[in-house]
Amino acid sequence: MIMKNWQIPEKELLFSGHAACQGCGGALAMRLALKALGENSVATIPACCWTIISGDVLYHALKVPVFHTAFETAAISAAGLKAGLSVRGLKDATVFAWAGDGGTFDIGIQAISGAAERNEDIIYFVYDNEAYMNTGIQRSSATPWGAWTTTTPVKHPEDKPKKNIDEILAAHKIPYQATVNVAYPEDFIRKVTKAKNVKGFRFIHIFAPCPPGWKMASDISIQVARLATQTAIFPLYEIENGRNYTVSYLPPNKLPVIEYLKMQGRFKHLKEEDVEHIQRMVDENLDYILKKHELTHGTLENIPRPEFYK
Amino acid sequence: MSIKKVLTGNHAVSYGAMASRVQVISAYPITPQTQVVELLSELVADGKLDAIFVNVESEHSAMSACISASAAGARAFTATSAQGLALMHEMLHWAAGARLPIVLADINRAMAPPWTIWTDQNDSLSQRDTGWMQIYVESNQEAFDSIILAYKVAEQVFLPCMVVLDAFVLSHTSEPIEIHDQEKIDEYLPPYRPMVTIEPGKPIGYGALAAPDTYMEFRYKMQRAMENAVEIFEKEGKLFGDMFGHSYDLVEPYMMDDAEYVIITVGAVTSTARVAIQELRKKGEKAGLLKFRVLRPFPFEKLRELLSGRKKVAVIDRNISFGHHGIFYQEVKSALYPLSNRPPVFGYIAGLGGRDITVSDVVDIYEDMKKRETLEEIIWKGVKL
């Protein structure tokens with residue numbers, strides 16, 4: 001792979017000594033996000049893997065403060081921090097919520113909808129590893145169709161498609177939202193930097209592989225994450241004001257979903273027809289997003305397709 | 001200069017919050033509390049109160065917003081009732097565990113089902129063990145004063161405080177209130193000085209994981225803070241009296257000097273009981289009244305001192321712990337247990353779901369207590385059987 005145009009800030013705000021598993025997408029996501037957000041930031045974290053990763057009461061692995069909060073409160077907790085800092089005159093601080101998919105797609109969605117509708121001036125990050133990993137791999141509404149989890153066992157795998165959280169947020173017409181993938185760090189940094197400079201409610205949906213939860217080796221995390229976007233299982237795009245869609249990247253040659261699925265133990269039980277079903281859902285979703293892009297831009301020709309992103 | 005206003009209990013609470021110069025308010029509508037935050041939102045919008053009003057989608061979020069705003073160093077306020085308070089329950093633990101001096105006004109409303117909007121104390125008493133201090137007020141003036149006092153105490157012990165008043169009996173009833181001079185209030189209640197804040201440049205984890213080797217000490221410290229709060233309540237209640245003409249204590253005696261038979265009341269029914277005690281005194285009865293004002297921290301010493309050696313005590317509970325007794329009855333009995341000359345204590349359940357407790361009901365309870373020879377587990381007053 002050729003590493004060109006590699007523009008990632010060098011300054012680290014996440015330090016070694018954190019408690020993440022090897023190959024954790026959620027940990028890498030925080031490392032990247034903080035590079036873009038900088039030190040004039042405060043975080044609030046609800047119950048999720050990151051409750052553990054950041055360190056216990058005696059240690060703290062981040063160069064920004066973290067206010068730990070209850071599972072369903074990430075969005076409002078951030079809004080409250082913003083209000084508290086504002087009345088103290090610290091109006092320019094970036095306040096962000098950092099939650100898992102369970103805390104976002106499921107238990108936290110009411111507070112997110114409220115904060116999004118009120119256009120609270122915060123950034124909401126969801127690091128999506130597609131199940132309740134911290135409690136031991138139970139399905140969430142972010143778990144994709146066909147996946148094994150401990151509550152969707154192999155004989156009865158997940159039989160509902162992944163909830164489309166991005167469209168739910170788009171319906172709130174928030175000023176800025178984007179999908180990012182830890183395997184595409186430049187795109188990740190660019191979007192978080194852009195989000196940082198927008199006022200109002202911003203939503204960043206992070207694709208974050210989980211080796212123990214996805215039943216794969218920890219050293220293929222990035223490879224699998226990259227395949228998620230190359231197969232269009234997790235397309236990268238931005239939405240502004242709930243209306244303007246911009247696809248950030250299209251793979252020069254879109255790979256079949258099996259290339260992604262076959263790498264992970266959680267999909268091992270899938271039959272050929274299951275894979276076909278997933279392929280159809282993925283194609284339909286990509287088609288929908290491309291149509292939205294075309295509606296916004298009048299063309300698909302302006303979507304980048306760099307070889308570099310293979 | 002102080003001014004007089006005719007205010008409902010709800011608006012007395014709003015003005016109490018304004019006088020306390022709260023900086024972040026977050027709330028959700030529920031009867032009978034709604035008017036508290038209606039007025040506050042108007043005061044904020046009109047620029048009369050320099051605060052941010054976070055107009056949330058649930059009480060759970062209201063408390064969450066207060067918690068993080070307080071953690072960021074702001075003075076935070078909310079108000080609710082019944083189902084709303086129950087929905088906050090998880091975050092009430094969070095506020096106390098995070099040691100944040102938030103003040104919440106709870107307009108006592110009975111719990112559903114069946115649906116009800118009228119007063120009783122089961123909503124606030126269900127939150128007894130969350131680590132919140134609790135003040136039960138008798139009048140609208142006391143509601144106004146107690147909001148200010150609550151911040152004064154809470155910000156010294158770093159525990160949140162609930163100010164509790166009866167639905168409708170106080171919340172929707174107008175009384176003349178003295179709004180104290182703002183300069184003097186500012187002198188009494190200076191700006192909040194947090195111990196720790198969440199802000200950029202201070203990379204700390206607040207509320208992170210505590211393993212068994214560290215957790216217990218956090219709880220020990222909360223209990224010590226509660227214990228210290230007794231003295232601070234006494235000191236600040238007296239200082240309040242010196243500055244504004246009306247002092248407050250955790251429990252307050254009325255005609256108790258030579259009283260042999262004592263009635264204990266909580267909240268607005270105390271005013272009713274005052275009249276009953278006056279009537280009984282006219283008949284030559286050695287009747288006394290004890291107003292129970294602060295449930296947490298629990299005023300062990302003062303309660304024992306005031307009840308030791310009395311002939312009999314009756315506790316009127318506008319609440320019930322199902323399968324046990326009225327909750328103030330439980331609390332009083334347990335506090336008196338170490339005394340060798342403890343009086344027999346009788347527990348009366350009355351006025352649930354807003355049923356009136358009248359002067360003659362209190363007189364009946366007094367007479368019933370006086371003639372009882374044996375202890376009854378639970379005595380119902382006014383229930384239709």
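**View 1. Chain B comes in two domains.** In this predicted model, chain B splits into domain 1 (3-244) and domain 2 (251-380), with bounds taken from an automatic or database domain assignment. Their centres, taken over C-alpha atoms, sit 27 Å apart. A bit of bookkeeping: residues are numbered from 1 along each chain as its sequence is written, and chains are lettered from A in the order in which they are written. Local features need pLDDT of at least 70, side-chain atom pairs count only at pLDDT 80 or more, totals for chains, interfaces and linings use all residues, and side-chain values use heavy atoms, leaving out hydrogens and water.

**View 2. Where the two domains of chain B touch.** Here 28 residues of domain 1 are in contact with 27 residues of domain 2 (contact means heavy atoms within 4.5 Å). Together the domains bury about 2200 Å², 53% of it on carbon and sulfur atoms; buried area is the accessible area (1.4 Å probe) that two parts lose on being put together, summed over both. On the domain 1 side, B:Gln121, B:Arg128 and B:Glu138 lose the most area to domain 2, together 30% of what that side buries.

View 3. B:Glu234 and B:Lys302 form a salt bridge, with their closest N and O atoms 3.7 Å apart.

**View 4. Chain B meets chain A.** Zoom over to the other chain and you'll find 39 residues of chain B in contact with 38 residues of chain A. The two chains bury about 2900 Å² between them, with 69% of that on carbon and sulfur atoms. The salt bridge rule picks out 2 across this interface. A:Arg118 forms a salt bridge with B:Glu57, the closest N and O atoms being 3.1 Å apart. On the chain B side, the elements giving two or more residues are strand E3 (52-55), helix H3 (59-71), helix H4 (82-97) and strand E9 (205-206). H3(B) supplies the largest share, 8 residues. Helices (H or I, at least four residues) and strands (E, at least two) are DSSP runs, numbered from the N terminus.

View 5. Strand E2 (residues 66-68) of chain A and E9(B) pair in the parallel sense over 2 bridges; two strands pair if DSSP finds at least two bridges between them. Look for A:Phe67, whose bridge partner in E9(B) is B:Tyr206.

How values were computed:
A salt bridge is a side-chain nitrogen of Lys or Arg within 4 Å of a carboxyl oxygen of Asp or Glu.
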